[in-house]
Amino acid sequence: DGAAAVHKLQLVSGRVLARLDMPASLKPIAISDFAVLGSGGLLLLDSAGGRLVPVKSVAGPFERAIPLKVTGAASLAAAEGKVYVAHESGLSVVEMPGGRVVKVAAPAGTSLGGLRRIRWTRGTLLALQESGDSTRMVRIRLSRRGQAVTAIEPLDRGAASAGTALTISRDAAYYVATTKDGPAIRRVRLR
């Protein structure tokens, strides 16, 4: 029925601390990614509606949704007054709070296609980039204005990915890869 909710969990016990139900005005909605902002607010990526949905806190209220005008929105990364969105045809940046969407230009001879998950850290984007049956982690360096890529640097060798999870902790990034022994968490040191 297009219903969705965000749950805040206590990680030690798995107990639900809060539940944020989507209002009827946002249905149908499919939350494919989210970011917790420095302010404590949430930014939800609705891949069904092709929009960003800002929320003041886990208790609400919802703010006006921002249309993305892209197809196949898959992931987002909040970064210093901007939000990057990975989608079917590449990468776009949304200027916040106004909502202006600009396609990010790739350097000649490279592609921003196949970005399945993106995260912002240390002034750059980290991404899981899929090509055929292989996925690799890459660092995407951006221009000062953030609207063009200056370099795409592979951080590990390609492997079959077992999902879209990508998280950063201290000096490393982690994602789930498929190995000959089954799914495994891969750790990539960040320098």
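This report walks through the cores, strand pairings and salt bridges of a predicted model.

**The nonpolar cores**

Let's start inside. The largest nonpolar core has 18 residues. Those with the most contacts inside it are Tyr 84, Leu 91, Val 104, Leu 112, Leu 115, Ile 118 and Ile 140. Several strands supply two or more residues to this core: E7 (75-79), E8 (82-87), E9 (90-95), E11 (115-121), E12 (124-131), E13 (134-142) and E14 (149-154). Strand E13 gives the most, with three residues.

Leaving aside its neighbours within four places in sequence, Ile 140 touches Leu 112, Leu 115, Thr 124, Leu 125, Ala 127, Val 149 and Ala 151. There is also a second, separate core, made of 11 residues, and Leu 52, Leu 68, Val 83 and Val 94 are among them. As background, nonpolar side chains in soluble globular proteins tend to be buried together.

One of the contacts of Ile 140 is Thr 124, a residue of strand E12. Thr 124 counts as buried because its relative accessibility is 7%, under the 20% cut-off. Beyond its neighbours within four places in sequence, Thr 124 is in contact with Arg 119, Arg 139, Ile 140 and Arg 141.

Strand E7 has four of its five residues buried, so it is largely enclosed by the rest of the structure. E7 pairs with E8 in the antiparallel sense over five bridges, and Ser 75 stands opposite Ala 86 in E8. The two strands form a hairpin with two residues between them, and in the turn Glu 80 has a positive phi of about 45°.

Strand E11 is mostly covered too, with six of its seven residues buried. E11 and E12 run antiparallel and are joined by six bridges. Arg 117 has Leu 128 of E12 as its bridge partner. This hairpin has two residues between the strands, and Arg 122 takes a positive phi near 50°.

**Salt bridges**

How many salt bridges does the model hold? The count comes to 12.

| Salt bridge | N to O distance | Relative accessible areas |
|---|---|---|
| Glu 130 and Arg 116 | 3.5 Å | Glu 130 37%, Arg 116 16% |
| Asp 171 and Arg 187 | 3.6 Å | Asp 171 27%, Arg 187 44% |
| Lys 180 and Asp 181 | 3.7 Å | Lys 180 80%, Asp 181 68% |

Glu 130 forms a salt bridge with Arg 116. Glu 130 lies in strand E12 and Arg 116 in strand E11, so the pair ties together parts that are 14 residues apart in sequence. Glu 130 is partly exposed, whereas Arg 116 is buried.

Lys 180 and Asp 181 form another salt bridge. Lys 180 is exposed, and Asp 181 counts as exposed too.

Is Leu 26 buried or exposed? Leu 26 is buried because its relative accessible area is 9%, under the 20% cut-off. This residue is found in the loop between strand E2 (16-21) and strand E3 (31-36). Apart from its neighbours within four places in sequence, Leu 26 is in contact with Arg 51, Val 53 and Phe 62. The C-alpha atoms of Leu 26 and Ser 89 are separated by 25 Å, and the two residues are 63 residues apart along the chain.

Leu 9 sits in strand E1 (5-9). With a relative accessible area of 44%, Leu 9 is partly exposed. Together with Leu 11 and Val 16, Leu 9 makes a nonpolar surface patch of about 330 Å².

Conventions: Residues numbered from 1 in each chain as written. Predicted model: local features only at pLDDT ≥ 70, side-chain atom pairs only at ≥ 80, totals over all residues. Heavy atoms only, no water. Core = buried A, V, L, I, M, F, W, Y, C linked by side-chain atoms within 4.5 Å. Buried < 20%, exposed > 50% of the residue type's maximum accessible area, 1.4 Å probe, protein only. Contact = heavy atoms within 4.5 Å. Patch = residues over 30% accessible without salt bridge, like charges linked within 9 Å, V, L, I, M, F, W, Y side chains within 5 Å. Areas by Shrake-Rupley, 256 points an atom, 1.4 Å probe, with all protein chains shown as cover. Salt bridge = Lys/Arg side-chain N within 4 Å of Asp/Glu carboxyl O. Pairing = 2+ DSSP bridges.
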